[in-house]
Amino acid sequence: MGKYFGTDGFRGEANVDLTVEHAYKVGRFLGWYYGQDHKCKVVIGKDTRRSSYMFEYALASGLTASGADAYLLHVTTTPSVSYVARTEDFDCGIMISASHNPFYDNGIKIINDRGEKLSEDVIVKIEEYLDGKTGEIPFAVKEKIGRTTDYVMGRNRYIGYLISLATRSFKGMKVGLDCANGSSWMMAKSIFDALGAKTYVINNEPDGTNINMNCGSTHIEVLQQFVKENGLDVGFAYDGDADRCLAVDENGKIVDGDLILYVCGLYMKERGMLDTNTVVTTVMSNLGLYKAFDIAGIRYEKTAVGDKYVYENMAQNGHCLGGEQSGHIIFSKFASTGDGILTSLKLMEVMLEKKQTLGRLIEPVDIYPQVLKNIRVKSKPEARQDPDVMAAVAQVEQELGSDGRILVRESGTEPVIRVMVEAKTDELCARYVDQVIDVIKKKGHEAE
């Protein structure tokens, strides 16, 4: 990770950590970098945060000042920007979003012409420019100045692409969608309606400040209640930029990314579609998932947390399914990033093709209780590498043995240490997590 760009772009509080000047300079650099030998074209999307409009215009100003043309998708999802960038003639794509964060945060995600996260070497060059370590970039003049173009048609083509991937009609299915007052609010319902579902939608009235507020995949209890009250067959909850999806079965039970990987992985294996017979997970995936994969004869690999690392592993090794417990699921034959709406369509495919409810499909997986707590710290490396903290972690590992595990890691997007424990009971999990967090606090690492 760099100074500004973490595992999922440049993220921070709008006009505090991530300012309009930052956005303008990112646009200036990208327009110059990709336009040194041709007319650069960049596609831009944004989520529903109030500050997204400000950053959209700043990025477009920087791009056009450097001679690039900016194509505006307006409010759209991160995977749609990825799709347009890789299927049309663009040098890169930019998504303005802080994903699941509160409305006052925002972020700049940069996607290359293959629809993938930008490579580290280019990110380093952007950061050097932001810090004034490189020379001035020349302004474009006269006819070389860039222009902006309304490009809603790109978003519409993406919607059509998703609809085309459905294997059968959703007629007769009652589906609930929680759009998190975010990017999917104009797209998800139209897709499910087009496929014949009876669609019930909540949290699809964004006002610029209510994105992710007590809704979406980070507050899935809202959808759980909605599904039960309305007798729905299934529910899907997206995050702010709709690159992740969590589900709720017909009984109101949460179906997280691990269970989605199991359901889809087993279905793909049964039909000969699981290339390499391997599913890529992160270190956060549950022990219960791995035990279920073992029984099903499915291999798995583990990466660092972040869909970026999941996709890199998949691309390098030819795997076609991977994802995170948080709901970033990648189907590499259809997308090069996590895609919440695509994930919900694929789960619908499994349910319809196997003629089983989602609750029935997840029955073979015995998920271990898991407790995850975050603690804000002054320095992530110092807190995690403190000898006393490491000793506390080692003690928990010894006491858990083969009946559980502990994972302590640095957040890629926040000044936070995450402590996760899996064990036989919730009480054991909470006790061991608190033991480690107490040591972090006692050693003075906690931020005020």
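**Ground rules.** I number residues from 1 along each chain as its sequence is written, and my side-chain values use heavy atoms, with hydrogens and water left out. Since the model is predicted, I take local features only at pLDDT of at least 70 and side-chain atom pairs only at pLDDT 80 or more, while totals for chains, interfaces and linings use all residues.

**Cores.** I started with the nonpolar cores, meaning sets of buried Ala, Val, Leu, Ile, Met, Phe, Trp, Tyr and Cys residues joined through side-chain atoms within 4.5 Å. For burial I use relative accessible area: under 20% is buried, over 50% is exposed, and in between is partly exposed (1.4 Å probe, protein chains only). The largest core has 67 residues, and Phe192, Phe236 and Leu358 have the most contacts inside it. Helix H8 (residues 257-270) gives the most to this core, nine residues. My helices (H or I, at least four residues) and strands (E, at least two) are DSSP runs, numbered from the N terminus. I also found a second, separate core of 33 residues, with Ala23, Ile44, Ala60 and Ile126 among them. In soluble globular proteins, nonpolar side chains tend to be buried together.

I then looked up the partners of Leu358, with contact meaning heavy atoms within 4.5 Å. Leaving out residues up to four places away in sequence, Leu358 touches residues including Val234, Ala247, Val263, Leu347 and Met351.

**H1 and H2.** How do H1 and H2 pack? Helix H1 (residues 20-34) and helix H2 (residues 50-65) meet at an angle of about 35 degrees, and their axes are 7 Å apart. Axes here are lines fitted to C-alpha atoms, for helices over the stretch in contact, and angles run from 0 to 180 degrees between N-to-C directions. From H1, the contact residues include Ala23, Tyr24 and Leu30, and from H2 they include Phe55, Leu59 and Leu63.

**Asn181.** I found Asn181 in the loop between strand E8 (174-178) and helix H6 (188-194). Is Asn181 buried or exposed? Asn181 is buried, at a relative accessible area of 5%. A polar atom of its side chain lies 3.4 Å from the backbone oxygen of Asn210. Beyond four places in sequence, Asn181 touches Thr48, Asn203, Asn204, Glu205, Pro206, Asn210, Ile211 and Cys215. Its phi is near 50 degrees, a positive value in a residue other than glycine.

**Lys142.** This residue is in the loop between H4 and strand E7 (148-150). Phi of Lys142 is also positive, near 50 degrees. Most residues other than glycine have a negative phi. Lys142 counts as exposed, at 72% relative accessibility.

**Leu195.** I placed Leu195 in the loop between H6 and strand E9 (198-202), and it is buried at 10% relative accessible area. Which residues does Leu195 contact, leaving aside neighbours within four places in sequence? I listed Ile163, Ala166, Ser169, Phe170, Lys171 and Leu345. Leu345 is 150 residues away along the chain, with the two C-alpha atoms separated by 9.9 Å.

**H10.** The buried residues of helix H10 (residues 307-317) are Asp307, Lys308, Val310, Tyr311, Asn313 and Met314. They pack against helix H4 (120-130) and strands E13 (278-282), E14 (299-303), E15 (321-323) and E16 (329-331). Just after H10, Gly318 takes a positive phi of about 80 degrees.

Note on methods:
A polar contact is a pair of N or O atoms within 3.5 Å; within protein, one must be able to donate a hydrogen and the other to accept it, and residues adjacent in sequence count only if both atoms are side-chain atoms.
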